[in-house]
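Subject: Handover of a structure and notes on it

Dear colleague,

Please find the structure below, together with its sequence.

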Amino acid sequence: STIVQQYTTITSMPNATLLILVAVLLPPRALDILGELIEERVILTPYGEAGPLALRVMPDGVAVWVQPYSGLPTRTDPRATIYAAHQLGVRRILNWDMGIGLNTLLQRGEPFIVDDYISWVNHQADTFFDEAPMGMDTNAANLRTAFCPELSGYLHDLMPGAPQGVVLGADFLRRETPAEARMFRMLGADVLSYNLVPEVALAQELGICYAGLVTVSALSAD
């Protein structure tokens with residue numbers, strides 16, 4: 001609620017500038033805390049369909065887009081998601097994912113705030129620059145860091161003491177091997193995730209503030 005109120009502009013019609021990507025398992029009515037469901041949209045993009053995106057509005061008029069999300073290349077092209085957000089006027093994205101704890105200090109069920117990443121994904125879908133649609137601005141000013149410090153700061157305020165660190169983004173459809181888990185730790189990764197990368201890089205290209213929150217759902221194969 002705090003994040004939504006900070007980053008949503010209210011006009012006579014709901015104008016949601018925050019998108020929450022939800023890649024965790026939640027009870028069907030859990031998102032009611034974000035307000036009444038006003039409409040749902042599926043956005044057609046040059047990279048395929050994105051959605052359904054649900055517009056929710058709280059009693060005080062604060063609005064937010066919410067999308068159940070799995071950004072694996074075999075499902076939703078990450079470029080479609082970020083392109084659709086850009087078309088809707090979204091300026092900030094919070095991606096809440098489930099991840100695998102690589103750092104041995106992390107516990108199952110613990111929230112983890114992401115402040116940097118390592119990409120272990122298919123690089124054909126991690127940039128708009130190769131095939132940017134006509135008229136699309138991919139020259140927006142880059143953020144100083146990949147993960148938006150403002151939005152991440154609000155996560156720290158809401159969850160003081162939550163660990164933070166590096167996520168390794170992967171797109172393979174299997175669990176990591178013990179050898180891979182050891183290698184990922186040697187690279188400096190704390191958590192393995194499937195839905196934060198390359199979305200964070202795509203958002204950065206378009207100047208969209210992007211934050212990552214991971215719930216540790218399992219411990220690594222090692």
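A residue is called buried when its relative accessible area is under 20%, exposed when it is over 50%, and partly exposed in between (1.4 Å probe, protein chains only). By that rule, buried residues make up 52% of the 222 residues in the chain.

The model is predicted, and for that reason local features need pLDDT of at least 70 and side-chain atom pairs count only at pLDDT 80 or more, while totals for chains, interfaces and linings use all residues. Residues are numbered from 1 along each chain as its sequence is written, and side-chain values use heavy atoms, with hydrogens and water left out.

Overall layout

Helices (H or I, at least four residues) and strands (E, at least two) are DSSP runs, numbered from the N terminus. The chain has five helices and 11 strands. It exposes about 10,600 Å², of which carbon and sulfur atoms supply 54%; the areas come from the Shrake-Rupley method with a 1.4 Å probe, and for residues only the protein chains shown count as cover. A contact means heavy atoms within 4.5 Å. Among the contacts in the chain with a separation of 6 or more, 78% join residues 24 or more positions apart.

The nonpolar cores

In soluble globular proteins, nonpolar side chains tend to be buried together. A nonpolar core is here a set of buried Ala, Val, Leu, Ile, Met, Phe, Trp, Tyr and Cys residues joined through side-chain atoms within 4.5 Å. Which members of the largest core touch the most other members? They are Leu 19, Trp 65, Ile 82 and Ile 93, out of 39 residues. Two or more residues of this core come from each of strands E3 (18-23), E5 (48-57), E6 (63-68), E8 (111-120) and E11 (209-219) and helices H2 (78-87) and H5 (199-205). The largest share, five residues, comes from H2. Apart from this core lies another, of 18 residues, including Leu 18, Met 58, Leu 155 and Ala 211.

Trp 65 has contacts with residues beyond four places in sequence, among them Leu 19, Glu 39, Arg 41, Leu 53 and Val 90.

Helix H2

Eight of the 10 residues of H2 are buried, so this helix is largely enclosed by the rest of the structure. The buried residues are Pro 78, Arg 79, Ala 80, Thr 81, Ile 82, Tyr 83, Ala 84 and Ala 85. They pack against E3, strand E4 (36-45), E5, E6, strand E7 (92-101) and H5.

Arg 79 counts as buried at 14% relative accessibility. Its side chain makes a polar contact with the side chain of Asp 77 (2.8 Å). A polar contact is a pair of N or O atoms within 3.5 Å; within protein, one must be able to donate a hydrogen and the other to accept it, and residues adjacent in sequence count only if both atoms are side-chain atoms. Just after H2, Gly 89 takes a positive phi of about 85°.

Helix H3

In H3 (residues 149-158), Leu 151, Ser 152 and Leu 155 are buried. Seen down the axis of H3, these buried residues fall within an arc of 100°, so they line one face of the helix; the arc is that of the directions from the helix axis to the C-beta atoms. The face turned away from the buried side carries the exposed residues Pro 149 and Asp 157.

Aromatic pairs

Rings of Phe, Tyr and Trp (its six-membered ring) pair if their centres lie within 6.5 Å; planes under 30 degrees apart count as stacked, over 60 as edge-to-face and the rest as tilted. The count comes to five aromatic pairs. Tyr 47 and Tyr 83 form an edge-to-face pair, 6.0 Å centre to centre with 75° between the planes. This pair links distant parts of the chain, with Tyr 47 in the loop between E4 and E5 and Tyr 83 in H2, 36 residues apart. Both Tyr 47 and Tyr 83 are buried. Phe 172 and Tyr 194 also form an edge-to-face pair, at 6.3 Å and 75°.

Tyr 117, Phe 147 and Tyr 210 form one aromatic cluster. Tyr 117 lies in strand E8 and is partly exposed, with a relative accessible area of 23%.
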